[in-house]
Amino acid sequence: MSEKLRILWADDEIDLLKPQLFFLEKKDYEVITVTNGHDAMDKLKEDYHIDIVFLDESMPGLSGLETLSRIKSLRPNIPVVMITKNETENIMEEAIGSQIDDYLIKPVNPNQILLSLKKIVDNKRLIKEKTATDYQQEFRNIFMEINSNPDFSQWVDIYKKIISWELRLDESQNAEIKESLNDQKEEANKEFFKYISKHYINWIKGSEGPRQSHQLVREKVLPQLNADKPVMMILMDNLRYDQWKIIEPIICDLYKIIDEDYFYAILPTATQYSRNAIFSGLLPIDIQKRFPNLWLNDIDEGGKNMHEHTFLEDQVKRLVKKDVKLDYVKVTNVQGARQLQDNSLNFLHNDLTAIVYNFLDMLSHSRTEMEVLKELAGDEKAYRSLTKSWFLNSPLWEVLKKLSDKDVRIVITTDHGTIRVRKPSKVLGDRETTSNLRYKSGKNLQYDKKDVLEIRQPAEAGLPSPNMSTSYIFAKENMFFLYPNNYNYYNNYYNDTFQHGGISMEEMICPIITLEPKR
């Protein structure tokens with residue numbers, strides 16, 4: 001070892017442990033001994049270079065469990081190994097609940113001590129090395145899948161594998177492997193853009209393709225009504241697949257997953273288009289035809305998502321033959337979230353309740369406005385961590401806890417994801433050109449054709465045309481559109497922020513999960 005690992009061993013019978021102490025010193029560990037809990041605390045207060053504590057459970061005076069509690073208050077991250085004369089269940093449960101890292105039974109075997117040290121101290125290093133080795137083996141397989149002309153379902157598998165590795169690497173902290181994975185993810189998005197560019201129009205025209213936004217309620221939500229129990233559809237704005245995987249273990253404490261599936265968000269992957277398509281069951285061009293007074297184009301003034309309740313009621317009436325008691329709730333602020341929490345049990349009287357929870361959308365957009373959030377969500381790992389922290393403390397989680405012992409079915413989904421943008425691309429347009437950073441619609445757009453998917457006939461993509469000469473462009477990979485005016489300022493302002501509207505796996509491949517309470 002380059003530096004000796006320093007062990008504090010607290011035991012009132014420390015003189016009987018000389019063979020074990022000698023063994024550890026021969027293995028190049030430094031051991032500091034004390035005979036009671038009070039002395040152990042004094043040592044920890046004066047010596048912050050102690051790496052691990054061995055703690056006897058049955059010391060007189062301050063007991064092992066009492067000492068453990070004080071240690072965790074003083075040094076919450078220091079590993080503690082509890083040593084006990086017998087494996088009494090209630091004592092061990094209390095110790096484990098107080099976050100011990102391991103325990104040993106007296107008489108302590110020197111090799112057991114060594115194994116415990118290796119397990120605790122070397123755990124992070126071993127995980128890092130194992131993860132790196134596993135990913136190196138998997139790298140080639142993912143590379144081959146990306147370049148084997150995958151179909152839409154195979155692209156979902158590729159994306160899920162990449163996300164799975166991202167989550168594993170969050171724990172291993174291996175910078176080199178993370179960089180390799182980021183490069184592979186960028187390569188995947190390049191090929192994904194080519195795939196979408198080639199097939200998207202055909203999907204819209206009706207050829208065989210994936211489930212898309214406008215088919216989601218019909219195929220995945222309304223069939224749940226046949227279970228003869230209340231159905232709650234919770235649409236969490238901007239919920240990416242990786243963010244779902246972060247909150248999944250929390251939810252699965254109380255719920256069982258009865259179906260985990262996916263859909264492709266329509267283009268543009270922006271709320272006005274994708275969410276209205278979800279609730280209406282129609283493509284945007286058909287929404288405009290069916291509801292000419294309700295659909296607003298990008299250039300029109302007014303809220304673009306003000307009629308989702310009307311759209312949903314219309315879709316249910318079209319597709320469900322029986323009467324359905326329906327409610328719709330949109331949460332856009334803290335007050336609305338608390339009202340949702342207070343009223344959640346009332347929704348059990350409905351056949352179907354649709355809840356739009358806008359927090360994640362506000363979070364991602366706020367990130368471009370607030371320096372604090374830029375610091376908190378500086379990369380993908382931090383963004384996921386922020387999502388988890390928010391969810392654990394959100395009224396939405398309180399609602400799910402309230403419903404966890406009711407006979408109810410929960411459907412969790414989203415309208416689109418987001419991507420962290422890194423590469424600017426210049427666009428020129430007139431005053432009526434849309435402001436979104438990942439797509440533009442307007443007349444006489446000028447842009448670099450290699451950076452975009454261009455749709456010159458919007459109807460082919462199921463999109464309305466505010467003007468005869470309107471066209472749409474969608475940014476590829478992690479690009480974002482900027483005007484030449486104040487280019488450097490806006491590049492610095494928006495670079496490295498989470499945006500949506502364009503073509504990427506993160507924006508288009510979306511989760512939909514059906515849950516039932518475990519109880």
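Colleague: Which residues form a nonpolar patch on the surface, with about 290 Å² of accessible area together?

Modeller: Good place to start, and please keep in mind that this is a predicted model. Together the patch residues are Phe 139, Phe 143 and Met 144.

Colleague: Let's go inside. Which residues touch the most other members of the largest nonpolar core?

Modeller: This core has 105 residues. Its largest share, eleven residues, comes from helix α8 (residues 175-205). Apart from it lies another core, of 20 residues, which includes Trp 9 and Phe 23. In the largest core, the residues that touch the most other members are Ile 196, Ile 251, Tyr 264, Phe 391 and Ile 410.

Colleague: Which residues does Phe 391 touch, not counting residues up to four places away in sequence?

Modeller: Phe 391 is one of the residues that touch the most other members of the largest core. Leaving out residues up to four places away in sequence, Phe 391 touches Met 236, Ile 247, Ile 250, Ile 251, Leu 396, Trp 397 and Leu 400.

Colleague: Why is helix α11 (residues 271-280) largely enclosed by the rest of the structure, and how many of its residues are buried?

Modeller: Among the buried residues of α11 are Thr 271, Arg 275 and Phe 279. After α11 comes Gly 281, with a positive phi near 75°. The helix is largely enclosed because the buried residues number ten of the ten.

Colleague: How many residues apart are Arg 384 and Glu 166?

Modeller: Their side chains meet in a salt bridge (3.0 Å, N to O). Arg 384 is buried at a relative accessible area of 2%, and Glu 166 is buried too, at 6%. Arg 384 belongs to helix α17 (residues 380-392) and Glu 166 to helix α7 (residues 152-172), and the two are separated by 218 residues.

Colleague: Which residue stands opposite Pro 424 in β17?

Modeller: Strand β12 (residues 423-428) and β17 run parallel, joined by four bridges. Both faces of β17 (residues 479-482) are covered, with Met 479 and Phe 481 buried on one side and Phe 480 and Leu 482 on the other. Opposite Pro 424 stands Phe 480.

Colleague: To finish with the whole chain, what percentage of its residues count as buried?

Modeller: The chain holds 20 helices and 19 strands, and its C-alpha trace spans about 90 × 50 × 40 Å along the principal axes. Residues 24 or more positions apart account for 75% of the contacts with a separation of 6 or more. Of the 519 residues, the share that counts as buried is 55%.

Key: Residues are numbered from 1 along each chain as its sequence is written. This is a predicted model: local features need pLDDT of at least 70, side-chain atom pairs count only at pLDDT 80 or more; totals for chains, interfaces and linings use all residues. Side-chain values use heavy atoms; hydrogens and water are left out. Patches are made of residues with over 30% relative accessible area and no salt bridge: like charges are joined within 9 Å, nonpolar side chains (Val, Leu, Ile, Met, Phe, Trp, Tyr) within 5 Å. Accessible areas come from the Shrake-Rupley method with a 1.4 Å probe; for residues, only the protein chains shown count as cover. A salt bridge is a side-chain nitrogen of Lys or Arg within 4 Å of a carboxyl oxygen of Asp or Glu. A nonpolar core is a set of buried Ala, Val, Leu, Ile, Met, Phe, Trp, Tyr and Cys residues joined through side-chain atoms within 4.5 Å. Buried means under 20% relative accessible area, exposed over 50%, partly exposed in between (1.4 Å probe, protein chains only). Contact means heavy atoms within 4.5 Å. Two strands pair if DSSP finds at least two bridges between them.
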